Amino acid sequence: MAHVLEEGRALPAGWDVRFAAGLDIYRNAYRTRLVDALRETFPRTAQWVGDDAFNAAAAHHLITNPPAVWTLDLIGQGFTDVLAELFARDPEVAELAWLEWTMHLAFVAADVRVLDRDGFMASVADFAEEDWAGMVLAFSPSLAMREVRHDIPHLWQGLKAEEGMADCLALERPAMLAVWREGLSPVFRLLDPAMATLLAHMQTGTPYGEACAMLADQVGEEEAARAAGAALGQWINDGLVVSVTR
Amino acid sequence: MSDIAPFEGFGLGLRRPHYSDFLDGDVLIDFVEVISENYMVDGGKPLDVLTRVREKHPVALHGVSMSVGSAQRLDRDHLAKLKQLADRVEPLWVSDHLCWTRTSAHNSHDLLPLPYIEEALDVVCANISEAQDALGRPMLFENPSSYCSFPDNEMEEWEFLAEMTRRTGCYLLLDINNIYVSAHNHGFDAMDYLRGLPLDRVRQVHLAGHTPGEILIDTHDRPVCDGVWQLYAQAVPLLGEVATMIERDDDIPSLEELLDELDYAHAVTMRARQGEAA
């Protein structure tokens, strides 16, 4: 394996020139295949930073994180961190790469039946008033969030157009970017800040009442009430809620 | 371990650009082959597509990551997910390659050649037996193409395959292009290779294109060349009932173009059999 991964490694005694020529094919195929797989997984990131910078980053990733698992689908594991390090002055690069990677994972996340509005209403039909505070929601396994400082959805759309018109706007304040899968299609959205905080609390299994109280401590009673009032409907509409327990 | 009954037919690999052709229309082929690892996922579109294609066609599972040549034994996660997929799909059979792809630390994601020595044969046979036991079915293993061979080889590739088949009860997926490529790259006679194999164990045949040069490269990115067709025609009379397919993985053309190539494979097969009868 070392002879495939390390281009400068000397051949063992007895391995001739013809063997060396064959080994070069494997070495070249290894690098080409994996860089191509990264580019297929991160096409917009590649487009944003340009081919030369992307190829250099991909080569760095393969050296620092040589593939260790059987599936090529996970070749991008850790690439976002590599980009954050290599493009420290351009933090939107790692934010965009995180979105592409998370969309990639959501694409093959486990299938679940999510609750629609009728399903949710049926689940809470026999709730007494005090039950609401203890309500715990299970969310789609595809749901993932991270804080971003740039309008990554805007950048994503601009890059999709492939007209060289993409631009990257800094957000006035950091926001949470969420990714999940609706049916078979991964989707994403910048979240309302208070609802994002509530969602983050409840995604860890915190009961609704406790999550609302934590939110109120963070954003005040009025804002917490607004977010709590809108959040459930939004999450149901987005197809995020899988089950309700109390 | 049960036997794998022969299945005679002509098929294609299911590739992403042709998903809609298979889902929305009636593709007149006898079976499809899918790359197992592309569907060894938790859920989402790949499994949805495979489930719907399976309703229309028999499916053969063809893996690229089992790495039966690895001295570190098989990857348990890979094997568990493969079994899950096989149980779900109920395939014609499950195949992989005679090669190694990984050590305990790294995965090359390439089908690397093995030294054909007794020690490697022991490793390969132990791994194949473990895989077949775990899956509860015999498997097919494909003869590799390779670009270098080891100076300390103790036997020919076909001898290795024959002994592997005898010891484990596995079957063979005969890739005609791989024989052609390796015969050129290593200077052996392709017919010696064919005659040295237990051809009654062959259940599937791959036909594919390669990139010409001083060393031929098994790229699957172009039509089958004349030399491979000629070798296939020589192989047909030696084979029993097999499932034959065109394997295309890069520069994938329209489905119509591949169906035309598959029709040609059918015609070559018929001519070769008639020639045998005459």
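The model is predicted, so local features need pLDDT of at least 70 and side-chain atom pairs count only at pLDDT 80 or more, while totals for chains, interfaces and linings use all residues. Residues are numbered from 1 along each chain as its sequence is written, chains are lettered from A in the order in which they are written, and side-chain values use heavy atoms, with hydrogens and water left out.

**Aromatic pairs**

- Over all chains there are 15 aromatic pairs, where rings of Phe, Tyr and Trp (its six-membered ring) pair if their centres lie within 6.5 Å, and planes under 30 degrees apart count as stacked, over 60 as edge-to-face and the rest as tilted.
- The pair of A:Phe54 and A:Phe79 is edge-to-face, because the ring centres are 5.6 Å apart and the planes stand at 80°.
- A:Phe54 belongs to helix α4 (residues 51-64) of chain A and A:Phe79 to helix α5 (residues 79-86) of chain A, so this pair ties together parts 25 residues apart in sequence; helices are DSSP runs (H or I, at least four residues) numbered from the N terminus.
- Both A:Phe54 and A:Phe79 are buried, meaning under 20% relative accessible area with a 1.4 Å probe and protein chains only, whereas exposed means over 50% and partly exposed in between.
- Ring pairs join A:Phe42, A:Phe54, A:Phe79 and A:Trp101 in a cluster.

**Negative patch**

- B:Glu156, B:Glu159, B:Asp189 and B:Asp192 form a negative surface patch, in which like charges are joined within 9 Å and each residue has over 30% relative accessible area and no salt bridge (a side-chain nitrogen of Lys or Arg within 4 Å of a carboxyl oxygen of Asp or Glu).
- B:Asp192 sits in helix α7 (residues 190-196) of chain B and is partly exposed, at 40% relative accessible area.

Methods
Patches are made of residues with over 30% relative accessible area and no salt bridge: like charges are joined within 9 Å, nonpolar side chains (Val, Leu, Ile, Met, Phe, Trp, Tyr) within 5 Å. Accessible areas come from the Shrake-Rupley method with a 1.4 Å probe; for residues, only the protein chains shown count as cover. Lys and Arg count as positive and Asp and Glu as negative; His and the chain ends are not counted. The place of a charge is taken as NZ of Lys, CZ of Arg, CG of Asp or CD of Glu. Helices (H or I, at least four residues) and strands (E, at least two) are DSSP runs, numbered from the N terminus.
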